[in-house]
Amino acid sequence: MGIGNKIAELRQKHRPKLTQQDFADKIGISRAALSHYEKERRDPDFETLIKIADYFDVTTDYLLGRDVAHKEVRQESIFSSDQLGIGQKDYDALTAYQQEALDWAINNDYLQFKNKSDNILDMIERIEIAYEVDKAMKNRKKNNK
């Protein structure tokens with residue numbers, strides 16, 4: 001599935017009332033450009049790709065069709081039961097979003113925070129909150145430039 005098909009699917013299935021015009025307005029492009037993307041006639045530029053990913057809360061790798069392979073490599077390369085206090089089987093049982101938040105925490109050394117808990121679900125919830133705050137702050141900085 002190409003980028004355009006993924007964009008159309010996200011817009012139509014996950015936000016069914018979102019028209020091409022409304023979505024184009026929200027990300028600052030023309031409706032015609034969006035139509036070209038969705039029909040696979042053109043690919044969005046890097047800046048537009050990021051805006052689309054941010055709007056739908058997906059990764060650019062997902063839009064580019066690389067998400068599955070990337071997550072497999074990331075899990076293998078950064079997971080450490082010593083860092084999390086859980087085994088690989090428990091880690092694999094977490095949702096993709098929970099794994100993403102934990103990976104973020106490991107990569108940014110946020111597992112050393114004061115509120116660390118022995119209860120893994122409590123710790124994941126706290127990490128998810130920190131992860132969302134970090135993403136919001138990065139978006140705010142990006143939008144203020």
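Against which helices do the buried residues of α4 pack? The model considered here is predicted, so local features need pLDDT of at least 70 and side-chain atom pairs count only at pLDDT 80 or more, while totals for chains, interfaces and linings use all residues. Residues are numbered from 1 along each chain as its sequence is written, and side-chain values use heavy atoms, with hydrogens and water left out.

Helix α4 spans residues 46-56, and its buried residues are T48, L49, I52, A53 and F56 (buried means under 20% relative accessible area, exposed over 50%, with a 1.4 Å probe and protein chains only). These residues cover an arc of only 140° around the axis, which puts them on the same side of α4. An α-helix has 3.6 residues a turn, so residues three or four places apart point the same way. The buried residues of α4 pack against α1, α2 (20-27), α3 and α5 (60-64). The face turned away from this buried side carries the exposed residues F46 and E47.

Both ends of α4 deserve attention. At its start, a side-chain oxygen of D45 reaches to within 3.3 Å of the backbone nitrogen of E47. Just after α4, D57 takes a positive phi of about 55°.

Helices α1 (residues 3-14) and α3 (residues 31-38) have axes that come within 7 Å and cross at roughly 115°. The two helices are therefore roughly perpendicular to each other (a term for angles of 65 to 115 degrees). In this pairing, G4, N5, I7, A8, R11 and Q12 of α1 meet L34, Y37 and E38 of α3, where contact means heavy atoms within 4.5 Å.

Notes:
Axes are lines fitted to C-alpha atoms, for helices over the stretch in contact, and angles run from 0 to 180 degrees between N-to-C directions. Helices (H or I, at least four residues) and strands (E, at least two) are DSSP runs, numbered from the N terminus. Angles under 35 degrees count as roughly parallel, over 145 as roughly antiparallel, 65 to 115 as roughly perpendicular and the rest as oblique. The arc is that of the directions from the helix axis to the C-beta atoms. A polar contact is a pair of N or O atoms within 3.5 Å; within protein, one must be able to donate a hydrogen and the other to accept it, and residues adjacent in sequence count only if both atoms are side-chain atoms.
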